[in-house]
Amino acid sequence: MKKQTLYESVMADRDFLWGSATASFQVEGATREGGRSESVWDTFCRIPGRVHAGDTGDVSTDHYHRYKEDVQLLKDLGVGAYRFSLSWPRILPQGTGEPNAQGIAFYNSLIDELIAAGIKPVVTLYHWDHPQVLEDQGGWQNRQMAQWFLEYAKVCFQAFDDRVAMWSTINEPWSVAELGYRWGMHAPGIRDEQASVSVIHHMNLAHGLAVSEYRAQGRSKPIGIVLNPQMPRPVTQDPDDVLAADIAADRGIRMYLDPLIGKGYPQRWIDQHPDLTIPLEDGDLDIMAETLDYLGVNYYSEGVVGAPRTEQERQHGFRYCLSWHPRTLMDWPVVPEGITRMLHWLHDHTGGIPQYIMENGACYDDSVSIDVVGHGAEYHKVQRVHDHQRLHYISRHIAQVLKAREEGVAIKGYFVWSFIDNFEWSHGYSRRFGIVYHDYKTLERIPKDSYYWFRDLLTGYGTLDPWTD
């Protein structure tokens, strides 16, 4: 009897969830419609020099008005789930208080449209776009933000839980704390390391409060968090290099994950940073350690570090090293094997908490070509996007995810990032991750070759690696 391939095995598993993903500020547009207030990203976009070419999210892909068209594309793709985030300023324009009926109506319509198409709504409460009115009061630096987030979560649970398949509390708190409050590359553009440490703690607290409240209400859908572990591999097997990689993981993942699984903050990191203070209060660690139904994982690349050599490197405990790997347009090395290493580490570190790959994809410089299809008098011209680099990236990473699954890691699903080209944060519209091409002038959607390949994979008519299978 022929042995099932990894691909055949996972396709036979009806519980494995295949999907694609977006985020509210990146796709919705309509920033001044439907009762929505300014978000921290609306403000950031208008600061000269912060976002490429002064781009904003004002229109983006206009998903707010074109969601039915997008859901049809998702249905044609054959995915079982669509991961999207809710816009806090669209649901609670003042950050707290009276919910905005128009905002809730929009998400109700989107959720109902997805369900009618046979697609499970996988919902993230927060993907970086909190109301500016709350940032004016300190945002995530303010401990009160955790309570404001809890109030927002309650509104969302009440409005949508009857139809949502899975909940995520926060997407990539690392990106908010490090890029937004430590290095100033993302909204709100603050450069303050102590601020970033406070943000880490308050986001962990907000997550714990929301999960605790969800369960206290007797709700039962899977609820978790989505992290982007920064877990570089050691440059060699020398014990000093191995230790350096482990030290890098303290700030890269343990600060965000360990309090949520009952391990507290990494003592080594605390000891190495006596000048920084985690604003921990009695009871916080118990609140954070609510059981995770799953861990969402975003992976794009894997870095390399070695033992420090200079005094400045010794302060961090490691140095960054170069690798040979080809790079995407984001200048991120393509390391498919890294996702397997990461999944195994997370599986062992968490005691086998189920994992979902919530984002995985690649940015390349796509262009539209005009192809002729058909025969004889029946031929016609069509627009195509031949993004074979992205296709190759995704196929190789899926293969590694399935390899980890075969090796015993509890992998429950895979979501491609992203469904459609969109606003790529500080890069504006200069970077494309989508499997659907978006023309930012006409708002036209053009499925790319990666879309058609993924469709064939999901329907059983394709191959995991079209170049070698």
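Helices (H or I, at least four residues) and strands (E, at least two) are DSSP runs, numbered from the N terminus. With those names in hand, let's start the tour. What you have open is a predicted model, where local features need pLDDT of at least 70 and side-chain atom pairs count only at pLDDT 80 or more, while totals for chains, interfaces and linings use all residues. Residues are numbered from 1 along each chain as its sequence is written, and side-chain values use heavy atoms, with hydrogens and water left out.

**Stop 1: the largest cavity**

Rolling a probe the size of a water molecule over the atoms shows where empty space is left. Here a cavity is a set of points, on a 1 Å grid over the protein atoms alone, where a 1.4 Å probe fits but cannot get out; lining residues have an atom within 4 Å of a point. Grid points are joined across faces, edges and corners, and a volume is the space filled by probe spheres set on the points. The whole structure has four cavities of 30 Å³ or more, and the largest holds about 50 Å³.

Select Val 40, Trp 41, Tyr 126, Trp 128, His 130, Ser 175, Val 176, Tyr 181, His 186, Ala 187 and Pro 188 to see the lining of the largest cavity. Which helix gives the most to this lining? That is α9, with three residues. Both α3 (40-45) and α9 (173-182) supply at least two residues each.

Now colour the lining by class: eight residues are nonpolar, three are polar and none is charged. (Ala, Val, Leu, Ile, Met, Phe, Trp, Tyr, Cys and Pro count as nonpolar, Asp, Glu, Lys and Arg as charged, and the others, Gly among them, as polar.)

**Stop 2: helix α9**

Stay with α9 and select 173-182. Is this helix buried or exposed? Since 10 of its 10 residues are buried, α9 is largely enclosed by the rest of the structure; buried means under 20% relative accessible area with a 1.4 Å probe, protein chains only. The buried residues of α9 pack against β3 (120-126), α7 (132-135), β4 (166-171), α10 (193-216), β5 (223-227) and α11 (239-257). After the helix comes Gly 184, with a positive phi near 70 degrees.

**Stop 3: aromatic pairs**

Next, show the aromatic rings. Rings of Phe, Tyr and Trp (its six-membered ring) pair if their centres lie within 6.5 Å; planes under 30 degrees apart count as stacked, over 60 as edge-to-face and the rest as tilted. The structure holds 35 such pairs.

Select Phe 25 and Trp 41: their ring centres are 6.3 Å apart and their planes at 35 degrees, so this pair is tilted. Phe 25 is in helix α2 (residues 24-27) and Trp 41 in helix α3, so the pair ties together parts 16 residues apart in sequence. Both residues are buried.

Move on to Tyr 294 and Tyr 356, an edge-to-face pair because the ring centres are 5.3 Å apart and the planes at 80 degrees. Tyr 294 belongs to strand β7 (residues 294-298) and Tyr 356 to strand β10 (residues 355-359), so this pair joins parts 62 residues apart in sequence.

To see a cluster linked by ring pairs, select Phe 25, Trp 41, Phe 44, Trp 128, Phe 423, Trp 425, Tyr 429 and Tyr 440.

**Stop 4: Leu 86**

Finish at Leu 86, in the loop between β2 (81-85) and α5 (88-91). At 0% relative accessibility, Leu 86 counts as buried. Its C-alpha atom is separated by 24 Å from that of Asp 76, 10 residues apart along the chain.

Technical notes. On a 1 Å grid over the protein atoms alone, a cavity is a set of points where a 1.4 Å probe fits but cannot get out, and a pocket is an open set with protein on both sides within 12 Å along at least five of seven lines; lining residues have an atom within 4 Å of a point. Buried means under 20% relative accessible area, exposed over 50%, partly exposed in between (1.4 Å probe, protein chains only). Contact means heavy atoms within 4.5 Å.
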